[in-house]
Amino acid sequence: MSSATTEEVIDYSVTPPLVEGNPSLAKINDSIALPTERWPSKKYFAALSVTLTMLLIGAVALGYTLYYGIGMWGNNIPVGWAFDITNFVFWIGIGHAGTLISAILFLFRQRWRTGIARAAEAMTIFAVMCAGIFPLIHLGRPWYALFIIPVPNQHGLWVNWNSPLVWDVFAVSTYFTVSLMFWYIGLIPDLAMMRDRTTSKVKKMIYSILSLGWRHANRQWQHYEKVYVILAGLATPLVLSVHSIVSFDFAVSILPGWHTTIFPPYFVAGAIFSGFGMVLTVLIIIRKVFNLEYIITKDHLDKMAKVTLLTSMMVAYAYLMEPFIAWYSGSPFDWYTVVARATGHYAIGFWVMIACNVLIPQLLWSKKVRRNVAVLFVISLLINVGMWLERYIIIVTSLYRDFLPSSWHIYTPTIFDFGILIGVFGLFFTLVLLFSRTLPVVSMSELKGVTEGAHPHHNFGAGHE
Amino acid sequence: MSEKRLYGLAAIFDTPEKVVAAARAVAGRGFTKYDSYSSYPIHGLDSAMRLKRTRIPFVTLVAGLSGAVLLVLFTWWTNSVDFPLAIGGKPYFAWPDYVPLMFEMTVLFGAVSTVIALLVVWLKLPRNSHPLHDTEFMKKVSKDKFGICIESDDPGFNETETRRFLEDLGAESVDSVYDEPVDISLKQKVLDPKFIAAIVVVAVVSSATTYLALNKMLLIRPWSSLNAQFKVNPESRSRFYSDGIGMRPPVTGTVARGHLPDPITVSDNLAAAEKYLVNPVLPSPHVMEVGQRDFNTYCSPCHGYFADGNSRLQGQFPSPPSLHTDSLRLAPDGLYYNVITNGFQGVMPSYARQIPRKERWAIVWYIRALQKAQNPNGPEAK
């Protein structure tokens, strides 16, 4: 470690440069396009082989599940939801940080988002793809999934619009569509830049098709920028609605531990918290593997750590509120669920969750911790663990002790549950790795716009003739 | 090949300041068919070019609102009109439940139509055949330069003058860009053997996959697992029962719904049955309707719609008597019930298997009504 970093003095009264070292516009093109043009390093292949192995494990476990049915999993009445829906909620939550960074921070004119927005949006899309697997496979007969889509059918039936599960399908697919469009619209100018710089014929053809013939013309930019704002404006309430609706899947039921009005905001805060944990994990890897430390700077990590700390506190508030309301409501069932959570069969999971989500993030109060990449990386991993456990605890501990003691049941995951869990992480990171090899991981056009001197109104003396 | 045509003059500038100033000058000179180029949006360029505000937000507004309205109409029609769905005592049109989806559809419709409007209507993309593509100009602009291109279609365009004008504005270089129209043969080629071969291949492949999917794939696991269950179907063979039949005969004495045996076995003691059986069904419009329906179905072919014996089968069958005779009018209800249940004198068959007991009594009510209608002052009226 060099002395410059340890004795680093940060002056928070001055906005730090968004891009370190003030690179020229050409250099931005070169360095961001580099990973897509060079044969990848050994490190990359090592990482890819790990993620592909995980993916294969998942494929085998999923194959067994599809062939023999979901009896391969540990789920059994009354614990009808377990790893499947835990994973679903977890991955949807991961996606939310991406939209937060790309849309909400955009609306708030937080220009530091530039360096990380593209990767975060890609992460959103991959996470929603991972999430989408679970509602499908937990049906047991995934080919009947289309029953939830309101199309005319031979039964003469329509879906039940009063059901949160139907809202869920609409919310998640809308979320996926809008995120994908948002991401793609952002990519078009970059794809055009890639098209204009590549020397390979095949790549040029692909980039030409994908960039739709964008010409960097100002009459294009004029409408484009407006649409970008509109999409950000639509995506912002959307992201809040999606996790609220996911929480309705639970809150609208009458199960103690699920039936609480705090769920929608609690889930949204949790989603952003876990999402920022994952963004930190992914970006720390990307900036290391592709040497983008001067674009994804420590200031970025610092700011993301602050958002993480804030959302951690919001989650902690919800953790306090749950037992309080259970006690205050005077419902013996609610109170029993709270006690069973903290002291019952799954108590270890509960306390690990509290440690990872509430206690460990408190380290982020310290500036030193926030700017220490290695420590931050470990914390981000622990947050992922904690937030996964949170969903697991909410689902399983509410179900395993329901109203009828005769049906109480201890849920134990099987090797297939774990296989699919590993597989979906494999899928996510494989997609992230493939993305960072094939598309610009940072928005070049946006990054150019925030470099020093990109806009004439600084020092533009001769401007007004 | 048709001739090259001058598309316009493309000038390269090296700083954003210069391109904004140049754009302002070009607009000031009265040019309209020109554009400035930069690989990122530059602040102030819109006003320098005197561009009007974009109207795309209206698309979002209209499309978003229609998304919400369509959702409400759709939910209302599906759950209240086409297939009324009673859930948890809620009204059929439970609108508060639709609010989350109204929101989602606002966003979905708004976002999708905005993007489509932007790309297709406003930017007229995809278009990879624009003359500026693949030029040095485009490559430079894409990297770190800025550009202005004035089209030759502009009324104020004059190749030499405009070139000098652009150079005076501080352009690094000014290039002519040519439009090279590509020859596209529009000859119909429907009978081209390659095309026909392609169609045949597509037809064969798609029908083969459809056939395999529907007739083979669906019959293997896991798709067939609904059929392969550990239970005995009525027609299937049983290895458990000694007679090897999957379907078991009902326990002795089992009675089918609506076929409870009569309290008095009418066939045993006709006189007693006719005397003591009382119509247990009270008359009501519904009972009369059922009686009419059953009478028309089962009895009218022989007895006629008015029970007068004037029927469709007249002459082809021993003619039944009119049921309006005095003796039959005075006969007790039990007689009618008995005749329906057991048939009559080997000529009229038994209807016990076709007509449930209650419906037989409904027919009796209907016959009584017919009798009264034909002869209001008959003997039983006294």
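Visitor: How many salt bridges does the structure hold over all chains?

Guide: A salt bridge is a side-chain nitrogen of Lys or Arg within 4 Å of a carboxyl oxygen of Asp or Glu. In this predicted model, the structure holds 21 salt bridges over all chains. One of them joins the side chains of A:Arg113 and A:Glu446, at 2.9 Å from N to O. A:Arg113 lies in the loop between α4 (83–107) and α5 (114–137) of chain A and A:Glu446 in helix α16 (residues 444–449) of chain A, so the pair ties together parts that are 333 residues apart in sequence. Helices here are DSSP runs of H or I with at least four residues, numbered from the N terminus.

Visitor: Is A:Arg113 buried or exposed?

Guide: Buried means under 20% relative accessible area, exposed over 50%, and partly exposed in between (1.4 Å probe, protein chains only). A:Arg113 has 2% relative accessibility and therefore counts as buried. A:Glu446, at 22%, counts as partly exposed.

Visitor: Which residue forms a salt bridge with B:Glu359?

Guide: The partner is B:Arg293, with the closest N and O atoms 3.6 Å apart. This pair links distant parts of the chain, 66 residues apart: B:Glu359 is in helix α12 (residues 357–374) of chain B and B:Arg293 in helix α9 (residues 285–303) of chain B. In chain A, salt bridges that share partners join A:Asp299, A:Asp302, A:Arg370 and A:Arg371 into one network.

Visitor: Which helix gives the most to the nonpolar patch?

Guide: A nonpolar patch is made of residues with over 30% relative accessible area and no salt bridge, with side chains of Val, Leu, Ile, Met, Phe, Trp or Tyr joined within 5 Å. The patch on chain B has about 920 Å² and includes B:Leu70, B:Trp76 and B:Phe109. Helix α3(B) gives the most, with six residues. B:Leu70 lies in that helix and, at 44% relative accessibility, counts as partly exposed.

Visitor: What are the scores of the model?

Guide: The model scores ipTM 0.91 and pTM 0.77. Chain B averages a pLDDT (the predictor's confidence in each residue, from 0 to 100) of 87, and 95% of the residues score at least 70. Residues are numbered from 1 along each chain as its sequence is written, and chains are lettered from A and ligands numbered from 1 in the order in which they are written. Local features need pLDDT of at least 70 and side-chain atom pairs 80 or more, while totals for chains, interfaces and linings use all residues; side-chain values use heavy atoms, leaving out hydrogens and water.

Key
Patch = residues over 30% accessible without salt bridge, like charges linked within 9 Å, V, L, I, M, F, W, Y side chains within 5 Å. Areas by Shrake-Rupley, 256 points an atom, 1.4 Å probe, with all protein chains shown as cover. Helix = DSSP H or I, 4+ residues; strand = E, 2+ residues; numbered from the N terminus.
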